[in-house]
Amino acid sequence: MSWRLIKAILLVEDSPGDARLISEMLDEQGSRSIELTNVDCMSAAEKHLAERAVDIILLDPGLPDAQGLGAIRRAHAAAPRIPLVVITGLDDESLAEQALQEGAQDYLIKGQIEQRALLRALRYATERKRLERLKDEFVSTVSHELRTPLTSISGSLGLLMGNAIGNLPGPMARLLAIAHTNSQRLVRLVDDILDIEKMEAGRVVFNFSRVEVQPLVEQAIEANRGFAEGYGVRVRLEAARAAAEVRADPDRLLQVVTNLLSNAIKFSPTDGEVAVAIEKGPDAVRLTVRDHGPGIPVDFKPLIFEKFAQADAGVARQKGGTGLGLSIVKQIVERLGGEVGFADAPGGGAIFHVQLPCWDHVAGLATDREAKPGAARLLLCEDDLDTALTLREQLRQAGFATDFAYSVGDALTRAAATQYHAILVDIHLPDGDGVSLIVRLRQMPQYRDTPIVVVSGDTSRGRDDLRASKLDIIDWLNKPVDLDRLVRLLAKPVAHEASRRPRILHVDEDNAVARALGEIGDVVTVSSIEEAQCALKVGDFDLAVLDVAIAKAASPDLLPELRDSKGNVIPVVVFSADGLDLASDARVQAAQAKSHTSIDSLVATVRDRLASRLASVPREIA
Amino acid sequence: MTSIRILLVDDEPDIREVVDVSLGLDRDFSTRACATGADALVTAAEWSPALILLDVMMPLMDGPATLANLRKNPRTAHIPVLFLTARTQSEEITQYISLGALGVLSKPFDPMTLAASVRSYLPPSAGDHAS
């Protein structure tokens with residue numbers, strides 16, 4: 001490695017003395033070609049990263065506007081692809097360790113930084129980041145290469161099994177069902193490999209929904225039946241007395257149960273029994289898996305959830321384990337907001353338990369019941385409960401009530417039932433992406449002009465495109481959310497509504513008219529009926545201005561088409577060279593004769609029609 | 001009721017066939033398929049589909065480049081595009097959306113529900129007065 005790869009360093013450090021020290025160390029190195037920029041707060045760092053190319057970030061996470069892990073997360077979110085070296089004070093090794101988990105490549109300890117260590121950290125961090133990127137690309141590429149043939153295989157089998165081509169004879173259907181089930185299993189396997197990789201890097205997306213535990217456990221038992229029979233082990237399920245529902249990602253939870261079962265089966269004696277039980281408590285559901293194996297050796301207990309940990313390497317190999325199963329279980333359960341543990345079973349063997357929050361408990365949290373009466377109510381579409389609860393608490397201080405929607409479906413139901421003041425949307429939701437949610441919200445008349453703010457844990461790429469799109473998003477905030485900015489945004493939604501520019505569809509070839517209309521709204525000018533029809537399919541308009549020559553040629557074909565995507569009729573102003581023969585049509589709101597009307601007069605008419613329409617949106621005009 | 005035109009662009013002939021059958025489960029859809037981005041640009045301009053299903057990884061002109069070219073032509077600029085891709089890590093999805101795609105459908109897909117997923121991205125009135 002050489003300095004070739006490091007040309008621009010961003011030093012985020014609010015102590016001028018410390019900043020000078022680092023600057024001098026780099027200067028002494030004779031690496032004058034390196035450009036070192038020092039900023040003293042996180043917002044300045046974010047601004048710099050958005051505008052300038054940086055090869056590495058040196059971050060002191062004790063800043064006026066961001067501290068500790070929060071600062072590290074923000075730096076990482078602002079530039080996920082840039083290597084990050086954290087400068088920790090006071091020998092805070094625990095923060096340093098967490099920093100590495102949050103995406104930092106290395107850390108230095110303040111007061112102990114010397115030149116060689118600094119240079120080495122910079123070079124190693126750069127190299128580590130490069131390797132990380134290569135590994136990501138490799139995993140992603142391999143996964144794609146495997147998925148492409150799997151798409152054709154599972155797609156074809158799925159069509160056959162769905163009887164899309166006709167009914168199948170019994171024996172053929174059974175064999176195809178085996179092929180279909182296994183092709184899907186292979187798809188999941190490819191996904192799992194990618195997941196292990198991503199889980200390690202902390203980049204797994206969890207899709208939370210309402211999950212009934214018993215059918216899911218039965219599914220896992222069924223899937224492991226062959227495996228259990230191979231070991232001569234029976235699996236018995238003691239069902240809960242009441243329906244036990246949790247809030248979880250069903251695929252991940254299935255992965256947890258499957259891993260616990262296969263673990264218990266592997267360590268059971270022949271003819272042994274694995275007992276699975278589901279118990280429902282007031283706030284949580286507890287799932288236990290008990291085996292009658294040798295139990296967990298005392299020495300091994302502290303290591304059991306460690307990656308690649310195996311009590312007896314020889315035994316584990318013989319059992320076909322990878323040493324990853326329980327580690328994956330723990331990582332998933334923690335992300336599901338639950339806990340996992342184990343104990344010695346009375347009479348020998350081991351009991352593993354997983355405890356997850358009850359659906360009722362989580363669903364009960366969705367409506368904000370503790371806010372001040374009369375507080376403006378917001379809808380937060382976010383599937384991570386911890387994030388949602390934190391944001392609710394902060395917004396409550398600012399005088400807002402915040403309801404939660406954990407999925408796109410949930411959000412649409414809630415939005416239809418309650419008129420929200422503003423909606424905050426996470427881009428990642430379990431049953432669809434946030435963008436499609438926004439598309440659907442905008443199709444609801446009552447949310448046409450409601451402020452929508454995107455809250456994303458992802459990179460800010462795409463932000464400007466979304467802002468500029470017709471979805472009319474008022475802002476895009478990265479997590480963790482800058483609360484002051486959010487509150488400022490929410491404080492002026494009415495101003496936003498009033499300032500929305502009307503959208504005018506202009507069907508004409510007259511540039512002067514287009515320019516004049518541009519003064520009062522966003523104008524889409526098309527020169528033919530076909531183009532007008534296309535424009536109506538993808539965008540909503542408040543009003544259409546038609547040249548009569550085109551309208552005449554089109555009528556009666558065009559006028560019935562002039563509806564927005566919600567089916568509302570769009571008022572039409574006809575601009576004609578001579579007669580007003582179309583003015584008698586109920587759909588035509590006003591007709592202006594080109595020959596004896598100036599463009600100014602047309603603009604005045606359009607302005608007038610828009611004012612009456614926007615004041616009463618949405619309504620049928622015809 | 002006229003048919004809703006869906007243009008599929010994928011370099012894999014097998015996938016084209018599976019998608020064609022899957023979309024055929026919705027009787028309102030009429031599907032055409034192109035093997036390259038270049039073909040897609042021509043077909044989209046001539047045929048004016050209601051929606052384009054676009055693969056990402058294709059030789060010569062990949063999905064994002066095809067989308068950019070569609071947007072440059074006034075005849076195709078407005079046509080909504082859904083990516084149909086095996087590359088669906090969260091970062092990748094954000095990137096596709098930022099390019100102007102309406103959404104992302106992942107491969108492998110469920111062939112029995114693909115048509116319904118595609119339809120959910122079309123305006124509710126699609127099919128009533130499609131050209």
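A residue is buried if 20 or more other C-beta atoms lie within 10 Å of its own, exposed if 12 or fewer, and partly exposed in between, with C-beta atoms placed from the backbone. This is a predicted model, in which local features need pLDDT of at least 70 and side-chain atom pairs count only at pLDDT 80 or more, while totals for chains, interfaces and linings use all residues. Residues are numbered from 1 along each chain as its sequence is written, and chains are lettered from A and ligands numbered from 1 in the order in which they are written. Helices (H or I, at least four residues) and strands (E, at least two) are DSSP runs, numbered from the N terminus.

**Chain B**

- Chain B has 5 helices and 5 strands, and from the N terminus on its elements run β-α-β-α-β-α-β-α-β-α.
- Of the 131 residues in chain B, 47% are buried.
- Contacts (C-beta atoms, placed from the backbone, within 7 Å) between residues at least 6 apart in the sequence of chain B join residues at least 24 apart in 65% of cases.
- Strand β4(B), residues 81–85, has 5 of its 5 residues buried, so the rest of the structure largely encloses it.
- In a regular strand, side chains alternate between the two faces of the sheet.
- β4(B) pairs with strand β3(B), residues 51–54, in the parallel sense over 3 bridges; two strands pair if DSSP finds at least two bridges between them.
- B:L53 has B:L82 of β4(B) as its bridge partner.

**Chain A overall**

- The secondary structure of chain A comes to 22 helices and 24 strands.
- Chain A has 622 residues, of which 36% count as buried.
- For contacts in chain A with a separation of 6 or more, 65% are accounted for by residues 24 or more positions apart.
- Helix α15(A), residues 434–443, is largely enclosed by the rest of the structure, because 7 of its 10 residues are buried.
- The buried residues of α15(A) include A:V435, A:L437, A:I438 and A:R442.

**Parallel sheet of chain A**

- An open sheet of 5 strands in chain A has the order β2-β1-β3-β4-β5, with parallel pairing.
- Strands β2 (35–39) and β5 (106–109) of chain A are at the edges with a single partner strand each, so one side of each has no neighbour in the sheet.
- Neighbouring strands of this sheet are turned by 20° against each other on average, direction ignored.
- β5(A) pairs with strand β4(A), residues 84–88, in the parallel sense over 4 bridges, and A:V85 has A:D106 of β5(A) as its bridge partner.
- Helix α1(A), residues 16–28, packs on the sheet and touches β1 (8–12), β2 and β3 (56–59) of chain A, with its direction at about 175° to that of β2(A).
- Helix α4(A), residues 93–101, packs on the sheet and touches β4 and β5 of chain A, with its direction at about 165° to that of β4(A).
- Axes are lines fitted to C-alpha atoms, for helices over the stretch in contact, and angles run from 0 to 180 degrees between N-to-C directions.

**Mixed sheet of chain A**

- Another open sheet of 5 strands has the order β7-β9-β10-β12-β11 (chain A), with mixed pairing.
- Its edge strands, β7 (234–238) and β11 (339–344) of chain A, each pair on one side only.
- Neighbouring strands of this sheet are turned by 15° against each other on average, direction ignored.

**Helix pairs of chain A**

- The axes of α7(A) and helix α9(A), residues 250–266, come within 9 Å and cross at roughly 50°.
- That angle makes α7(A) oblique to α9(A), since angles under 35 degrees count as roughly parallel, over 145 as roughly antiparallel, 65 to 115 as roughly perpendicular and the rest as oblique.
- Residues in this contact include A:L216, A:V217 and A:I221 of α7(A) and A:L253, A:V257 and A:L261 of α9(A).
- The axes of α9(A) and helix α11(A), residues 325–335, come within 9 Å and cross at roughly 145°.

Key: Two residues are in contact if their C-beta atoms, placed from the backbone, lie within 7 Å.
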